[in-house]
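Thank you for making time this morning.

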Amino acid sequence: MKDMRGCPARVVRVMAEFFDLSGQVALVTGAGRGIGAGIAARLAGAGAKVAIFDAVRDAAEAVANELGGLAVVGDIRSEGDVAAAIARVEEALGPLSILVNNAGITGRTDLGWNLSIEDFQSVFDVNALGTFLTCRAAIPGMLARGYGRIVNVASIAGKEGNPTLLPYSASKAAVIAMTKSLGKELAGKGDVTVNAIAPAVIRTLMLDGMAPATVEYMIGKIPMGRTGTIDEVAALVHYLASREASFTTGQCYDISGGRATY
Ligand SMILES: NC(=O)c1ccc[n+]([C@@H]2O[C@H](COP(=O)([O-])OP(=O)(O)OC[C@H]3O[C@@H](n4cnc5c(N)ncnc54)[C@H](O)[C@@H]3O)[C@@H](O)[C@H]2O)c1
């Protein structure tokens with residue numbers, strides 16, 4: 001029989017070397033639950049010091065306690081909260097090298113022409129303005145240090161436009177476009193990258209707030225015929241947040257079970 005004893009050690013060594021985040025400081029927004037909590041856990045598992053930024057104090061603290069991270073309570077729609085969060089993280093953990101913009105809301109599910117300005121604006125405030133504010137606050141430090149990774153959680157809705165989710169779809173399209181603009185603006189100015197991901201349906205509590213017919217529509221569009229998992233999303237974000245992801249920026253990565261066609 002072939003002697004396989006050398007193989008596992010080699011595999012472990014390679015695994016340990018790749019995507020290692022030791023010494024890095026990551027801030028994940030909306031990490032009090034769902035996909036954000038999963039991303040924070042994955043980054044912590046790879047060695048990063050993680051800050052759990054969420055509007056819900058109990059949720060942020062519970063995840064931070066579990067991961068040995070830092071809870072930062074605030075609203076990403078607030079310029080002041082975002083500035084205070086980054087200052088707090090850098091004071092407690094060190095210079096921020098990874099920013100994951102995950103916090104997001106779907107808003108009311110209804111036909112576009114039935115929506116109020118408030119329905120539209122409230123979703124843009126969290127998904128688009130919130131992402132803009134955190135990027136704007138984090139980038140100068142990353143530029144000065146010559147290193148940074150920003151990962152924006154967009155959605156397949158931002159590429160395709162889901163019916164009854166007009167503000168959500170349009171705000172996620174804004175996140176994708178913001179990613180492309182920033183990626184180009186930062187390219188060649190040190191190793192600072194900005195990428196987005198576009199998940200299809202991932203089974204989280206967010207779905208509970210949506211009309212069942214809207215959720216069924218979205219699952220029905222996935223060729224793999226299933227929802228994605230938080231772990232699958234976290235693995236992709238981990239790669240994009242790593243040093244190894246140094247020749248990709250301004251891109252939107254698919255994680256949609258084959259739904260995306262571009
Ligand atoms: N679940 C899906 O099917 C799916 C699919 C595609 C994209 N996404 C995106 O993934 C991200 C996470 O989704 P999820 O399903 O885990 O959502 P979720 O609702 O379970 O969690 C969102 C978290 O963000 C926090 N948050 C909301 N508004 C905030 C604000 N203004 N300031 C600070 N924190 C705030 C909430 O408190 C919550 O902890 C969102 O951006 C969502 O649009 C989700």
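Predicted model: local features only at pLDDT ≥ 70, side-chain atom pairs only at ≥ 80, totals over all residues.

Let me start with Tyr 147, which touches Ser 97, Met 142, Gly 190, Asp 191 and Val 192 when residues up to four places away in sequence are not counted, where contact means that two C-beta atoms, placed from the backbone, lie within 7 Å. Residues are numbered from 1 along each chain as its sequence is written.

Tyr 147 lies in strand β5, residues 147–153; helices (H or I, at least four residues) and strands (E, at least two) are DSSP runs, numbered from the N terminus. Is Tyr 147 buried, exposed or partly exposed? It is partly exposed, because 18 other C-beta atoms lie within 10 Å, and the cut-offs are 20 or more such atoms within 10 Å for buried, 12 or fewer for exposed, and partly exposed in between, with C-beta atoms placed from the backbone. The C-alpha atoms of Tyr 147 and Arg 57 are separated by 30 Å, and these residues are 90 apart along the chain.

Now please turn to Val 25 in strand β1, residues 25–29. Val 25 is buried, since it has 21 other C-beta atoms within 10 Å, and its contacts, leaving aside neighbours within four places in sequence, include Ala 48, Lys 49, Val 89 and Leu 93. Its C-alpha atom is 9.4 Å from that of Leu 43, which is 18 residues away along the chain.

Leu 43 brings us to the largest nonpolar core, which has 72 residues, and Leu 43 is among those with the most contacts inside it, as are Ala 26, Val 28, Ala 40, Val 50 and Ile 52. Such a core is a set of buried Ala, Val, Leu, Ile, Met, Phe, Trp, Tyr and Cys residues joined through C-beta atoms within 7 Å. Val 28 touches, among others, Gly 36, Ile 39, Ala 40 and Val 50, again not counting residues up to four places away in sequence.

Next come the helix pairs. Helix α2 (residues 34–45) and helix α9 (residues 230–240) pack at an angle of about 50°, with their axes 8 Å apart, the axes being lines fitted to C-alpha atoms, for helices over the stretch in contact, and the angles running from 0 to 180 degrees between N-to-C directions. That makes α2 oblique to α9, because angles under 35 degrees count as roughly parallel, over 145 as roughly antiparallel, 65 to 115 as roughly perpendicular, and the rest as oblique. The residues of α2 that meet α9 include Gly 34, Ile 35 and Leu 43, and those they meet include Val 233 and Ala 234.

For α5 (residues 117–145) and α7, the axes come within 8 Å and cross at roughly 20°, which makes α5 roughly parallel to α7. Among the residues in this contact are Phe 120 and Val 123 in α5, and Tyr 168 and Met 178 in α7.

Finally, where is Thr 164 placed? Thr 164 sits in the loop between α6 (157–160) and α7 (166–186), and it has a positive phi of about 70° although it is not a glycine. Most residues other than glycine have a negative phi. Thr 164 is partly exposed, with 19 other C-beta atoms within 10 Å.
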